[in-house]
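My entries follow in the order in which I made them.

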Amino acid sequence: MIVNFYLRYSTKYGQRLYVSGDCDALGNNNISKAIPLYFFNEELWLAKVDLSEKDIAKGSLQYKFIYRDNTGAEIIEWGDDRIIDVSKTTIKEITTIDFWNHAGQVENAFFTQPFQEVLLKTLSTAKVATVKSYTHELKVKAPLLKEDEVICVIGSNDTLGNWKTDKPLLLNKSGNWWSVKIDLADESFPVLYKYAVYGITDKKVRFFEAGGNRAMQGGTGKGKLTILHDGFAQLPFPNWKGAGVAIPVFSLRTTKSFGTGEFTDIRQLVDWSKLNGLKLIQLLPVNDTTATHTWMDSYPYAAISAFALHPLFINLEKVAGEINADVVKALSADQKRLNVLPAVDYDAVMAIKFAALKKLYNLQKREFLKDPGFKAFFDSNKHWLIPYAAFCYLRDKYGVSDYSKWPTNSIYSKNEIEQLAASSEKHYDEIALHYFIQYHLHIQLKEATAYAHENGIIVKGDLPIGIYRYGCDAWMAPELYNMDAQAGAPPDDFAIKGQNWGFPTYNWKKMQEDGFAWWRQRFHQMSEYFDAFRIDHILGFFRIWSIPVHAVEGIMGKFVPAIPVHISEFHQNNISIDHYRYCAPFINDSVLYEVFGYDVHYVKDNFLNNYDGNYHLKEEFNTQRKVEQYFAGQPNDDFQHKIKYGLFDLISNIILIEEEGSGGQQFHFRINADQTSSFRYLDGHTQSKLKELYVNYFYSRQDDFWKKEALHKLPELKRSTNMLVCGEDLGMVPDCVPDVMQQLGMLSLEIQRMPKDSTKEFFHPADAPYLSVVTPSTHDMSTIRGWWEEDAVKTQRFYNNELGHYGGAPYFCDAWINKEIVVQHLFSPAMWSIFQLQDILGINDKLRRDNPNDERINVPANPKHYWQYRMHMTFEDLIKETEFNTEFGGLVKASGR
């Protein structure tokens, strides 16, 4: 059987197209063996393949197209739904005519998991007459029809009704495609046609697709079939919009909670969300962060496993069941005490839950280990579950999660760990306990998300950008990470010294060797529970802010990868490079007085060496990490705090960072180098020339380079999942980021107080692109009310210019102001408007918390922030607030979401 693949695609010189598929003739989905297409005419490219008997015996052929250019960039079109039937023995030649399926096409979003499985109801289909013989098959997509609508086709010949609308040819829905088979053997070509929307209830053509007529050419003949994959019907721009609520699981509060929100509490969140017309629930990461068994583990972005769920969220009553209910009843006093606290007491909750879980495991272990459900879970997840359980056992045995300090198994060995975890070992119960906990967490989260789906609500997860340095992932495969670096973020308005998250950065080259298998496993497991996910700090896939391990503050980092400045560029700009002057801390008497004031003599005597009026830090204090270690043993008072952070400032008072291994030939600029006193003490000419190179370095030369970096990773990762992908594209955003995200159909994040246009002070939700999420605040920020009180001058401008009010702005954020801001976001053209629950409650002066500062979830500038925010009322009580729910639900409905 001959198959002719025609693709409508307009190319430029140097660009090439290929076809790949799941048969021998098309390379069995091995992209390196894809078949090249050849230029046919100005509109079409062609590849001709001859299917073997083996290929035909499969019955169907799935294929897709690939684009490559002369720079090595490769893009694979979106979707896996080009499938043709090759089982008909009477057909000797098939011709397919296709459109390229661009991942960024808006309609593709509606073929992702949340829309197909939850948000878009099954469409009605009309009875379509079947034909015994046919020469053509028309296929088109139309994801957003009403429940009583189907696609029809009308055209320029008798078969297609001669453009009459009284008897259109109806298409049948199968998978993603609307299709119809027609016999055009006796018709003349070209045939003109158009798709239209037909109403089943009123039996009328409601409207035609936009644009000019489509045309099909000849090619009929005995044993020949032409299949037209016509892409998307050109229907009015999608106006589907949804609203959602964002809240960490630990912040949920119900009458049955145990001092923290639990997976079982999501049911009440769903009930309240449905009552108010919300279609999405967004959660923070839910992975296990248990490294120290203290409140320091409350940081949800430092998971010890990218796969294991957090025991914090387990519901003990569900684990106990009726048989062991007395174990939980004995804890009722603890439960009541912890559940009325205004915030999460992390240490107490975890200690009680772990003790109870050990007791329940010992009571249930015989039946549990024989449970077919557990066995199926274990078989599907043992690639991470066995190492994770062993890691937890060794962590607790040796009292530390830093595996380099373990007397045994500090270097991971699969065989040794499987032996350690063998059921014959005397400590097996201590390992199987973690199987027990993870299985119950899995069941409880699955039940919670299934309940959301039953109620028409999707659940959005959160994918952290990093992994914990002393966690199971790093222990198992340290080669996948740069353990000598720390990930973070450069300075911004929320963290003026930058952020140091402490995570190792990714070794992308190593990860690419096995096709990003670790990432694919993560996405697969996330899709078990979530319909959509937020990529935390998506900028990290373009370049990561990498901080050396000897540094504490994020300000000491640089972007990796990045194109450095060569020493010749400085010479070309008449800048004489004194390596020590630019790369070492610049310290003189004036700088010291600026930093330390009257304490300068104490600093000189204890921390510096003096060389003719120029100062150098003593060897034992010449890095921020050494300084931090020294002050860890000093009194925790204001004086020591001042000296410590003053020394941090001295160490970061540099202009350039030498590229490692360059022999003094290549350099990176320190972020905000022009704001350092080191820069200020240079002459005006040198300052001017350095500033030109600085601007070029950060805002010009890297853009194409970073774009290529992202295109080596993100397309392949996105293709590995059908979840809806949203990117957290905040911070110092390179110009290439919006383009790449649009190409891949990833939703951007738009925040009113963080405009991406540097010429604007605020972003208006009305200006949001459709493929985006708009929100007035995130968990890393103050709420609407908290922000309103932070800067009265800025608030005044917002009040006048963004809300359009005259006169002075109220000092406090009254409920009506909070409501106006929420309404702005609800009526945005963005696909999603998502609100923190605190911002929703802020529209009601009776329900919201008294102090807005108590509503904040995280303070990014504080690396030791305690994550413990909880709702101040239960969902049972919130659901009873009829007046409030009527008001907010009415706003959601009025906005069309």
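**Helix pairs.** The axes here are lines fitted to C-alpha atoms, for helices over the stretch in contact, and the angles run from 0 to 180 degrees between N-to-C directions. Helices (H or I, at least four residues) and strands (E, at least two) are DSSP runs, numbered from the N terminus.

The model is a predicted one, in which local features need pLDDT of at least 70 and side-chain atom pairs count only at pLDDT 80 or more, while totals for chains, interfaces and linings use all residues. Residues are numbered from 1 along each chain as its sequence is written, and side-chain values use heavy atoms, with hydrogens and water left out.

For the contact (heavy atoms within 4.5 Å), I listed Gln 624, Val 627, Glu 628 and Phe 631 on helix 18, which meet Gln 640, Ile 643, Lys 644, Leu 647, Phe 648 and Ile 651 on helix 19. By class this contact has 6 nonpolar, 2 polar and 2 charged residues, where Ala, Val, Leu, Ile, Met, Phe, Trp, Tyr, Cys and Pro count as nonpolar, Asp, Glu, Lys and Arg as charged, and the others, Gly among them, as polar.

Next I took helix 7 (residues 346-370) and helix 8 (residues 372-398), which pack at an angle of about 65° with their axes 5 Å apart, and are therefore roughly perpendicular to each other. Phe 368, Leu 369 and Lys 370 of helix 7 meet Pro 372, Phe 374 and Lys 375 of helix 8, a contact with 4 nonpolar, no polar and 2 charged residues.

The last pair I looked up was helix 26 (residues 815-826) with helix 29 (residues 882-894), at an angle of about 30° and with axes 9 Å apart, which makes helix 26 roughly parallel to helix 29. Their crossing is right-handed, that is, the near helix is turned clockwise from the far one by less than a right angle, anticlockwise being left-handed. Lys 819, Val 822, Val 823 and Leu 826 in helix 26 meet Glu 887, Phe 888, Leu 891 and Val 892 in helix 29, and these residues divide into 6 nonpolar, no polar and 2 charged.

**Cavities.** How many cavities of 30 Å³ or more does the structure hold? I noted 9. On a 1 Å grid over the protein atoms alone, a cavity is a set of points where a 1.4 Å probe fits but cannot get out, a pocket is an open set with protein on both sides within 12 Å along at least five of seven lines, and lining residues have an atom within 4 Å of a point. Grid points are joined across faces, edges and corners, and a volume is the space filled by probe spheres set on the points.

The largest cavity holds about 240 Å³, and of its 23 lining residues the closest to the centre are Ala 246, Gln 282, Arg 534, Thr 778 and His 779. Its lining divides into 11 nonpolar, 8 polar and 4 charged residues.

For the second largest cavity I noted about 140 Å³, with 16 lining residues, of which Val 286, Asn 287, Asp 462, Met 526 and Phe 530 are the closest to its centre. Strand 21 and helix 13 (517-527) each supply at least two residues of this lining.

Strand 27 gives the largest share of the lining, 4 residues.

Finally, I noted a positive phi, near 70°, at Trp 163.

Note on methods
Angles under 35 degrees count as roughly parallel, over 145 as roughly antiparallel, 65 to 115 as roughly perpendicular and the rest as oblique.
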